[in-house]
Amino acid sequence: MKEYLDSDRLNFLVWRYLLESNYREAATKLQKEWGIKEPHRHFDFAQHVRSHSLVYVVNKGLSYASLERESHRNVSDVVPDSQTEFGFFGPVTLPPPKTYARPSSRIQHQKDNQEEDGEADADGEADDEVVTKQEDPEDVSMEDSTVIITEDATARKRPLSTHLPSGTAKKPKLAENGDDTTIPMSMDIDSGEAPGSNHAYPSPLEGDETSATQPHTDGPEQGTQEKTKDLTTDTIYLDLAIEKPRVGPALPAERSPTTPSPVLLLCEWSPTNPNILAAAGTDSMSRLYTINHTTDRDDNQPFCKLLEEDAPRDTQVTALSWSRAEGNILAIATEQGGKARINIWAGDGTHIHLIDVAEGPVIKLAWNRTGTALLAISPSTDNGTLLSIYKVPTLASLTHTISNHDFTSVALDVTWTNESTFLVCGGQLLQTFSCSGPSIEPVRTFETDSTDALVHVAYDDRALIAAASSDTGTITLIDGNGSKRKISAHTHPITALKWQPEALAGAENRLLASAGEDGAVLVWDPKCLETKPKKFLTMSGGPIVALAFSPDGAYLAGATALHVYIWKVGDTASIPYAKWKRTPHPGWNGPTPSGENEDTFEHCLAWDSTGQKVAYGVNSRLAVISFR
């Protein structure tokens, strides 16, 4: 049945095109004359409209018109082959060759920015394009081109007993070679992208009136980079299936040919040593890597195991947390056969202490800032969720049970607000607790919206602001006085929420970054009363699965199942400063390891302590990307 097209649907396609092309002022004017303040929320059909749909529909129409002309030509045979063919725009000719000289006009410069800009998703999707003719694959044409569309995201569950909330982001399913599951279609658009990822485009009229479009500059002397850096080539790929590292220059690493590859669930760099990376997951994988760029092979990265020697093969690491205090210790929670433990390790891999947990799994570990207390969240034997505090140096425990809370269906997130107080959120729960005395005591319970299920929480200890995100795309801000403010941030569930570790030079406030299933990364100044973000960024390759600031707060990294983008936080433009893409590599994009579940996708993204390297993991593969 043919879809109908009315003025609202056509206006929506045009409005989306203007935003995708960075004509925000024109989009604002269209909204005012149209009389629709929030088109992406006003219409029920808006959630189904994909990126670049207007260009896609027009190209499909041009392709149909081309087939009509060809059919008429074959039937009537009245037009000689040598005669010029006419279409909607006059004579049909091949696209002009691409020129790479610096454009002098503003219009051409904006077009170049679209090709490089993650906001228009051009570069990421153009990389996936399969070109079947000699012209430049990014040129606009009508025939004989093929692009690849990412399959819609499918739900997934974390293996064994580490559970996620019902509103947590769905991940895109990948084919066995690591690429998107694809459907070829005959079309070509400005960015080389079919409407395969439904990115968020908040209305420019949300909150205050939109500010004027940031001016584009022409070169590095104006503070703008010439081209996005490609980080793909300088990468170390860690093979997680290797049981033991090489012990000599002529000896290969030991790898079991029969056992399945472990699934990476967690990875975090040491907060003080930029070469130490902790990686852990299923099948008794718990390692401390020493990353060395001078080794001749990726599989020669030395590591030590952070498990007891007699740990069974089915032992799973369920939580991990580095202490930032002097001494640099690491807490790792494991589960095997319903029994849970927390092991404390020194930064050099020396075992310090073992804690037996009454009932597993421990789903969350978090040290306070001084490393004097470790918080653990696990199920309670009394039909609830157990909060446990282990105080250094004795590691004696304090406990408190949150009654009638099932964390297997509603997961909890936690953040410390000072050395003895922490904030817990999940579902309809948003509550602070104190452990300054001989027990854990509730301090304050905040009212929550029954329509929003809270998923993530983060706290800025300088501005004294807590931020909690929901599965409906909203962010709730709570200041030190308990006053709340709610922001409609994303059109889909929020997948990551991070505070900037350090404010930029000359800036008073630290920024807050949020990422969502809608493919958008938004950067906020929570102390500003405006309800619009300071920066609006987008990524290609499906929902954004992870987000991380560099330790100095100058850079922000976002990850999908296929790409890692890095933006310079202080830049006014939305062009990524650097990009990394999954490529065919034996240690990363080869055949699916034996035993790996293609329906399960776990992602890790972390900066080292100097901001020189980024660790990025998916399932059984882990890459260490050199940034600067």
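Q: In which sense do strand S15 and strand S16 pair, and over how many bridges?
A: The model is predicted. Strand S15 covers residues 339–345 and strand S16 covers residues 351–357. They pair in the antiparallel sense, over 6 bridges.

Q: Which residue in S16 is the bridge partner of Ala340?
A: Ala340 has its bridge partner in S16. That partner is Val357.

Q: Which residue takes a positive phi in the hairpin of S15 and S16?
A: The hairpin has 5 residues between the strands. A positive phi near 95° occurs there. The residue is Gly349.

Q: How many disulfides does the count come to?
A: A disulfide is a covalent bond between the sulfur atoms of two cysteines. The rule asks for a pair of cysteine sulfur atoms within 2.5 Å. By this rule the count is 0.

Q: Is Cys425 buried or exposed?
A: The cut-off for buried is under 20% relative accessible area. Cys425 has 0%. Cys425 is therefore buried.

Q: How does Cys528 count at 28% relative accessibility?
A: Buried needs under 20%, and exposed needs over 50%. The value for Cys528 is 28%, so this cysteine counts as partly exposed.

Q: How many aromatic pairs does the structure hold, and is the pair of Tyr565 and Trp567 stacked or edge-to-face?
A: The structure holds 13 aromatic pairs. Tyr565 and Trp567 form an aromatic pair at 5.8 Å centre to centre, with 70° between the planes. Planes over 60 degrees apart count as edge-to-face. So the total is 13, and this pair is edge-to-face.

Q: Are Tyr565 and Trp567 buried or exposed?
A: Tyr565 has a relative accessibility of 0%. Trp567 has a relative accessible area of 2%. Both values are under 20%, so Tyr565 and Trp567 are buried.

Q: How many residues apart in sequence are the parts that the pair of Trp607 and Phe627 ties together?
A: Trp607 and Phe627 form an edge-to-face pair, 5.3 Å centre to centre with 85° between the planes. Trp607 lies in strand S37, while Phe627 lies in the segment after strand S39. The pair therefore ties together parts whose separation in sequence is 20 residues.

Q: Over the ring of which residue does the charged end of Arg9 sit?
A: Phe12, Trp15, Trp34, Phe43 and Phe45 form one aromatic cluster. The charged end of Arg9 sits 5.3 Å from a ring centre. That ring belongs to Phe45.

Q: At what distance from the ring centre does Arg287 lie over the face of Phe303?
A: The cut-off for a charge over a ring is within 6 Å of the ring centre. Arg287 lies over the face of Phe303, at 4.6 Å.

Terms used:
Residues are numbered from 1 along each chain as its sequence is written. This is a predicted model: local features need pLDDT of at least 70, side-chain atom pairs count only at pLDDT 80 or more; totals for chains, interfaces and linings use all residues. Side-chain values use heavy atoms; hydrogens and water are left out. Two strands pair if DSSP finds at least two bridges between them. Helices (H or I, at least four residues) and strands (E, at least two) are DSSP runs, numbered from the N terminus. Buried means under 20% relative accessible area, exposed over 50%, partly exposed in between (1.4 Å probe, protein chains only). Rings of Phe, Tyr and Trp (its six-membered ring) pair if their centres lie within 6.5 Å; planes under 30 degrees apart count as stacked, over 60 as edge-to-face and the rest as tilted. A charge sits over a ring if NZ of Lys or CZ of Arg is within 6 Å of the ring centre and within 35 degrees of the ring normal.
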